[in-house]
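Dear colleague,

Please find below the sequence and the structure that I am handing over to you. My account of what was found follows directly after them.

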Amino acid sequence: MLLVVEQLLNGLQFGITLFLMSAGLTLVFGIMQVINLAHGSFYMIGAYVGATVTVYTGSFLLGIAAALPASAVCGMVVEIIVLRKLYNREHLDQVLATFGLIMFFNELTRIIWGRQPLFMDVPPWLSGNIELLPGLFYPTYRLAVIGVGILVALVLWLIFSRTRIGMQIRAGASNRDMIGALGVNIKLLYTLVFGMGTALAGLAGVMAGPILAVESGMGESILILTFVVIVIGGIGSIRGAVAGALLVGLVDTMGRAFLPALFRFLFDSATADSAAASLSSMAIYILMAAILVWKPKGLFPAHS
Amino acid sequence: MNPLFRKYVCIAAVALLLAILPIAASMLGQEYYISLFSRILIYAIAAVSLDLLLGFSGMISLGHAAFVGIGSYVVGIFFYHSAEMEPLLTHPFTVQGSENGLIVIPLAVLVSAIFALVIGALSLRTKGMHFIMITLAFAQMIYYFFVSLEKYGGDDGLSLYARSTLPGLDLGNDLQFYYLCLLLLSLFLLFTTRLVASPFGIVIRGCSNNERRINALGINAYGYKLACFVIAGAGAGLAGALLANQTEYVSPGLMHWTLSGELMVMVLLGGLGTLFGPVLGAAAFLLLEEFLAMYTEHWMLYLGPFLILVVIFAKRGLYGVLVGGGKDHG
Amino acid sequence: MAEMLLEVASLNKSYGAIQATQDLHLNIEKGHIHALIGPNGAGKTTLVNQLTGDIFPDSGRIIYKSCEITRMSDYKRARLGIARSFQITHIFENLTVAENMALAINARNGHSFHFWRNSLKSSIVTANLDNALARVDLGHRARLKASHLSHGEKRQLEVGMALVGNPELLILDEPMAGMGSGGTVELSKLISSLKGSVTILLVEHDMDVVFSLADMVTVLVYGHNILTDSPTNVRTNKEVQAAYLGESVDA
């Protein structure tokens, strides 16, 4: 039972990382109608800058403080130089150009930081475990990640439901013509939304630093999961991003944790292990296919 | 110069070059180029098949490498079972492994086509960005499936020790293998050129321009797009079967999404919607990789921005530069 | 009583709070040119989309040749002989004029699923292509990419494609939109030459065109059929003038 709770928390923590990635990207898809493959690159930039600053200063908080503006600025520069030229182009052009961005950023990080992965330590004040329930010890750092994620979700919710700019962005995500009609400076709004999205990706990256290896190309594996989240949730919907991220995080973590045990009831252990390994690594894609057959536009379609 | 004439001159020149290249290479003692160009011809088949989707029917698949991978694994798995003398399947009927190219290559094409049928049938329920992401996700699903297949090497893949056998040919001979690839590429180009000008072809080209209008004409666009997706998947499967033979090695790396992206880059560099262009694109991409890598290990740093410039400013690709027309299949 | 080709009964369609089609009844007599008019936002295109199967109504029935088609998919309706031209020109800009027409010819004859033969050389296409192009006066443009046609010619091509295979009901959604006066005259001639051979539902803003061509006129306001009558009676109807014609004529 404790194991189930622990895995639920792991799933939640993974889901929250995915949410930070998806929130910005789903808005970029929804508002600007741009398919951006390079979103994972900003996750990688956040991780690298955060890890480097943490190593030099010895402070994880300074690392985060550096990673956020770094990924935001990189994002806004890329938006101004490249993405703006692509807003009215076909999706194919967007895919190809942002694929070019991935090549560029992956190679750039290899030049700056080398081919060896960087490893980041969990800061001392977040290391160790907390006893959540009698007998259930959970790493403090992972709890902190969950806390930060929930905080960000709350802040986003406040921005989108309470502020003028938030409502404009939401209106834009569900109906593009609206923004123009509201008399908003669209160029500036696009750049800001893009920068906010890449800052969140950078935050996800720096927080994943102590859990994963920081290396060139680390953005792509999470990018594809982010796509799965967005497709499941519905393009352009923050609510969908929350639901999709938690669903993907939980299904993936629980599948990996419990499918082998489950299968051992059914088959001999060799078959069970290999079948469970295949199925758990494919589980979220199967989930996505099933949801799309049922609802081709995702769970919470923003465009009616 | 008349563009049509220029087109035929260019195609004839490229064909002649490809036909005499291995002879020249072996005379100069540069046998290495024969295997490099075999690889180019094989990637060209995959890129041409992807051009059917990207350039003609407007279906932007970001998972095309999956079918290349499936084709190569069919060859790999049949080879493995043949070498181990262990039946591939015992229930409900017995299937033995095989090294016979007349069996495994068509089978690779068929299995890829079946996968394309299933993936396409599901993916085509969606449109636009959803379609792009779903094809990518299906490819990842297949990638992870093969990564977790410990029996066939998992992450590390399978080594084949030898190429498929074909009556009257020795595929282990690089020269013969090269000409087989050239023949298959030529046949595939002939088929696709006829295809895009056929009644079926104008329907799929119409779909890329305006799918709703196709339906208003009384044509069920879904069926045509699915058929096109299956044909493209089969072409990629053929490329995969040849690639498994060329490298004598198969691995999940072949279906990684970056390969799908690279195939797209080949199509773009060569010229979208031109069929012959992707052949040039495949050659350009692999040669660049080969030679730029000699001068700088960071060649992707230059290729990335170059690609962005091509997308923004010069979408006609190499084919457009040589022949002069843009999207023209006259 | 005259034979009805299309009967629409109690049709409703809403988008959220907006009732785009409201308890709509409409009968179109075989052989007529039946015009559909109404102010902007009256739900004309929504109605047309329900007739062609692009969207399905929330409730109500659509009967075509005594057969219910309310929830039939668009391509099946097209096979039953309902052809349409769109409000915004919908031709295939990336194909040549001849290929556009060949596509329509193959579609009508169920001959599109061929992979090998050249699309312009099949017997069914060679037998019909020249005629089909000549009917809309585009024979001399056959080899041109459709994107290079003038606006009026694109319309002609579109109508020509809709006419291939001799549909029984032709729906023309604002065929005159965005055309110069010369083009309007050409297209009016084309439409009036079709009178009798095909039933036409004409959605149009240009009142001169409507009153010179139509046998019957239906006035749509807020998704509701407020009047169906002869052009003369519609023109003199006070309610129509108030709701629609007044503002349109003044504008």
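**Findings, beginning with a helix of chain A**

In helix H11(A) of this predicted model, the buried residues are A:Ala276, A:Ala277, A:Ser280, A:Ser281, A:Met282, A:Ala283, A:Ile284, A:Tyr285, A:Met288, A:Ala289 and A:Leu292. One of these, A:Ala283, is also where H11(A) bends, by about 50°. The cover over the buried residues of H11(A) comes from two chains: it includes H9 and helix H10 (238-266) of chain A, and helix H4 (101-123) and helix H5 (128-147) of chain B.

**Chains A and B**

That cover leads to the contact between these two chains. Two pairs of chains are in contact, and chains A and B are the pair that shares the most contacts. Chain A brings 36 residues to this contact and chain B brings 38. On the side of chain A that touches chain B, the elements giving two or more residues are helix H4 (91-113), helix H9 (218-233) and helix H11 (269-294) of chain A. The most comes from H4(A), with 16 residues. Sorted by class, this side of chain A, touching chain B, holds 26 nonpolar, six polar and four charged residues.

**Chains B and C**

Chain B also meets chain C: 21 residues of chain B are in contact with 28 residues of chain C. Helix H6 (174-197) and helix H7 (199-216) of chain B are the elements that give two or more residues to the side of chain B that touches chain C. H7(B) gives the most to that side, with 12 residues. The side of chain B that touches chain C is made up of nine nonpolar, eight polar and four charged residues. Chain A and chain C, by contrast, do not touch, and 10 Å lies between their nearest C-alpha atoms.

**The domains of chain C**

Chain C is divided into domain 1, which covers 1-81 + 167-251, and domain 2, which covers 93-164. Taken over C-alpha atoms, the centres of domain 1 and domain 2 of chain C are 27 Å apart. Where they meet, nine residues of domain 1 of chain C are in contact with eight residues of domain 2 of chain C. Helix H6 (residues 181-193) of chain C gives four residues to the side of domain 1 that touches domain 2, which is the most from any element. By class, this side of domain 1 of chain C, touching domain 2, has six nonpolar residues, two polar residues and one charged residue.

**The sheet of chain C**

Chain C also holds an open sheet of six strands with mixed pairing, in the order S6-S7-S8-S3-S9-S10. Strand S6 (82-85) and strand S10 (224-229) of chain C stand at the edges with a single partner strand each, so one side of each has no neighbour in the sheet. On average, and with direction ignored, neighbouring strands of this sheet are turned by 20° against each other.

Helix H5 (residues 151-163) of chain C lies across S6 and S7 of chain C and runs at about 175° to S6(C).

With kind regards

Conventions: Residues are numbered from 1 along each chain as its sequence is written. Chains are lettered from A and ligands numbered from 1 in the order in which they are written. This is a predicted model: local features need pLDDT of at least 70, side-chain atom pairs count only at pLDDT 80 or more; totals for chains, interfaces and linings use all residues. Domain bounds come from an automatic or database domain assignment. Two residues are in contact if their C-beta atoms, placed from the backbone, lie within 7 Å. Ala, Val, Leu, Ile, Met, Phe, Trp, Tyr, Cys and Pro count as nonpolar, Asp, Glu, Lys and Arg as charged, and the others, Gly among them, as polar. Two strands pair if DSSP finds at least two bridges between them. Axes are lines fitted to C-alpha atoms, for helices over the stretch in contact, and angles run from 0 to 180 degrees between N-to-C directions. The bend at a residue is the angle between axes fitted to the seven residues ending there and the seven starting there. A residue is buried if 20 or more other C-beta atoms lie within 10 Å of its own, exposed if 12 or fewer, and partly exposed in between; C-beta atoms are placed from the backbone.
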